[in-house]
Amino acid sequence: MFDASQKVRTQVYAHRGFAARAPENTLPAFAFAIEAGADGIEFDVQMTADGELIVIHDDTVDRTTDGSGQVAQQTLRDLRRLDAGSWFAPEFAGVSVPTLDEVLMLAAEAPYPVMLNLELKYGDTPYPALEFRAWERVIAYGLGARTIVSSFYHEPLRRLKRAQPEAEIALLYQDGLVDPWLYARYLDAGALHPYYKSVTAEQIAQIQQQGVKVRVYTVNAEDDLRRFCRWGVDAVITEHPDLARALCAPRPRRH
Ligand code: G3P
Ligand code: MG
């Protein structure tokens, strides 16, 4: 049964910002995502050697800057000297690895209430209290209601949810799970963020029927974007937010 008066649309979250247009996890990438009208921006948070929170994906700076070495072994000052833009294109030369505060400020000043998907990265390094430190900054910018905290590491998410029940958490996972909504409910997670190849249309519908949202990562190909929007997933996390916005038209709400 469809009620044509009630339409919903798959939301579009820009993966590491508009990563197809600008160097991933940089302020230009987030600004372009907002310009493209992304419903949300996804980004990865880690901690420097001197305990500062920064936005970068890999354990090392090698791939996305002109430096080398572990993120966790460098101070904020070290990291801020690096060029995080030239590897992508010369026009981005001199762009820095952003702090979490800079990304939050950009979001707080956006012309519409863009959602934030803050992914906690741990990698080789068990960053102490990363979840609490990051959440404290989110609250400082008044962005608690617009933030979803996700991670492949579910213990920190559980700790955060227990301490701060208002925090929305989402569980990232790579491979197929059986009845994953049971696990989501067990951890009081409002959403599952599966790898897009690990879920079927049937499983997405089942998860949603249990009141749990599904946001799939990372969907970049046009036919995959069309398919997930048709399946009615709650959000696609994509490096092509412009294309996804064009493809994911409003559809009647499922009853
Ligand atoms: O949050 C979705 C996605 O970003 C998870 O994988 O490795 O790109 O951070 P990764
Ligand atoms: Mg990520």
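Buried means under 20% relative accessible area, exposed means over 50%, and partly exposed covers the range in between (1.4 Å probe, protein chains only). The model is a predicted one, in which local features need pLDDT of at least 70, side-chain atom pairs count only at pLDDT 80 or more, and totals for chains, interfaces and linings use all residues. Residues are numbered from 1 along each chain as its sequence is written, chains are lettered from A and ligands numbered from 1 in the order in which they are written, and side-chain values use heavy atoms, with hydrogens and water left out.

**Aromatic pairs**

Rings of Phe, Tyr and Trp (its six-membered ring) pair if their centres lie within 6.5 Å; planes under 30 degrees apart count as stacked, over 60 as edge-to-face and the rest as tilted. The structure holds 10 such pairs. Two of them are listed here.

| Pair | Centre to centre | Angle between planes | Class |
|---|---|---|---|
| Phe88 and Phe92 | 5.9 Å | 70 degrees | edge-to-face |
| Phe228 and Trp231 | 5.2 Å | 75 degrees | edge-to-face |

Phe88 is partly exposed, at 29% relative accessible area, while Phe92 is buried at 6%. In the other pair, Phe228 is buried with a value of 0%, and Trp231 is partly exposed at 21%. Phe228 and Trp231 also belong to a cluster linked by ring pairs, together with Phe152, Tyr195, Tyr196 and Tyr217.

A charge sits over a ring if NZ of Lys or CZ of Arg is within 6 Å of the ring centre and within 35 degrees of the ring normal. The charged end of Arg21 sits in this way over the ring of Phe32, 4.0 Å from its centre.

**Disulfide**

With a disulfide taken as a pair of cysteine sulfur atoms within 2.5 Å, the count is 1. Cys229 and Cys248 form it, with their sulfur atoms 1.7 Å apart. The torsion about their S-S bond is about 40 degrees, so the disulfide is right-handed. Cys229 is buried at 7% relative accessibility, as is Cys248 at 2%.

Glu42 and Asp44 are both buried.
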